[in-house]
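Take a look at the structure below.

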Amino acid sequence: MKRFFSVFVFLLVVQIAFGQVKLGLKFSPLLSLNQVELISDTLDMENASSTARFSLGLVVDKQFTDTYYFSTGLIIMPKRVGINIIPENGGTTPNTFEAYNLQYLQIPVTLKLYTNEIQPDLSIFFQVGGSLELKVDDRPKDEDYVLIEKFNPLDIGAMLGAGAEYRIGINTILFGGFSYQQGLINVVNETRDNIDLTIKNSVITLDLGIKF
């Protein structure tokens, strides 16, 4: 992991030194959701309710043309896995609800498409692409949870978003928008009794930030 981030930082420095790059900070209130699939004769499961979280990170936009940008960064992305457990056919479980707090370092790999200015200094953008997420922490909400024993160390997601940017100075831009991010990989690695459980995360974010 250290080598991976060393390469990322090196490439970022090269882009800043030799290309037209905008750096910024982003703060995103978000809703964390998950989709559950289970194959079991003794248990059934359903999604728990969505949970509010906050993410924060660095945004890096590299200009290709006046309307096309490559966008990446380094984002702290918290998520939650929450499941309601329903015993069936005489099955038993010590808990009927379990929740786990996950935290990732996210590296977006996206393309931003800008419109022409809809009024002076104001443009609309659309964002599409994906993300690589490295898990840095996972904690059960309570210590007596037993269903999920281990989570996968990474996730890969698809991302779709839209927003607006407003220039308030020569080098300063305010931006805001929404995005939907869908996890593509089962985050569960090991379960009790080798239960066949698949959970994929999704996130809806309100993105607010500033670029320089």
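Which residue in S9 does Gly163 stand opposite? The residue is Gly177. The model is a predicted one.

## Strand pairing around S8

Strand S8 covers residues 154–167. S8 and strand S6 (residues 122–140) run antiparallel, with 13 bridges between them.

A hairpin of 5 residues links S8 to S9. In a regular strand, side chains alternate between the two faces of the sheet.

## The nonpolar core

The largest nonpolar core holds 22 residues. Met45, Val81, Leu147, Ile148, Leu197 and Ile199 have the most contacts inside it. Strands S1 (21–39), S2 (43–47), S4 (68–87), S5 (97–114), S7 (148–151) and S11 (196–211) each supply at least two of its residues. S4 gives the largest share, with 5 residues.

## The largest pocket

The largest pocket has a volume of about 360 Å³. Its lining has 20 residues, and those closest to the centre are Tyr69, Ser123, Glu165, Arg167 and Ile173. S1, S3 (51–63), S6 and S8 each supply at least two lining residues. S8 gives the most, with 3.

What classes of residue make up this lining? There are 6 nonpolar, 6 polar and 8 charged residues.

## The cavities

Rolling a probe the size of a water molecule over the atoms shows where empty space is left. In this model, 3 cavities reach 30 Å³ or more. The largest cavity holds about 170 Å³ of space. Of its 19 lining residues, Lys26, Ser71, Lys112, Gln127 and Asp207 are the closest to its centre. S9 supplies the largest share of the lining, 5 residues. By class, the lining divides into 9 nonpolar, 7 polar and 3 charged residues.

The second largest cavity has a volume of about 40 Å³. Among the residues that line it are Lys79, Glu133, Ala158, Gln182 and Val203. S6, S8, S9 and S11 each give two or more residues to this lining. The largest share, 3 residues, comes from S9. This lining divides into 2 nonpolar, 6 polar and 2 charged residues.

Key: Residues are numbered from 1 along each chain as its sequence is written. This is a predicted model: local features need pLDDT of at least 70, side-chain atom pairs count only at pLDDT 80 or more; totals for chains, interfaces and linings use all residues. Side-chain values use heavy atoms; hydrogens and water are left out. Two strands pair if DSSP finds at least two bridges between them. Helices (H or I, at least four residues) and strands (E, at least two) are DSSP runs, numbered from the N terminus. A nonpolar core is a set of buried Ala, Val, Leu, Ile, Met, Phe, Trp, Tyr and Cys residues joined through side-chain atoms within 4.5 Å. Buried means under 20% relative accessible area, exposed over 50%, partly exposed in between (1.4 Å probe, protein chains only). On a 1 Å grid over the protein atoms alone, a cavity is a set of points where a 1.4 Å probe fits but cannot get out, and a pocket is an open set with protein on both sides within 12 Å along at least five of seven lines; lining residues have an atom within 4 Å of a point. Grid points are joined across faces, edges and corners, and a volume is the space filled by probe spheres set on the points. Ala, Val, Leu, Ile, Met, Phe, Trp, Tyr, Cys and Pro count as nonpolar, Asp, Glu, Lys and Arg as charged, and the others, Gly among them, as polar.
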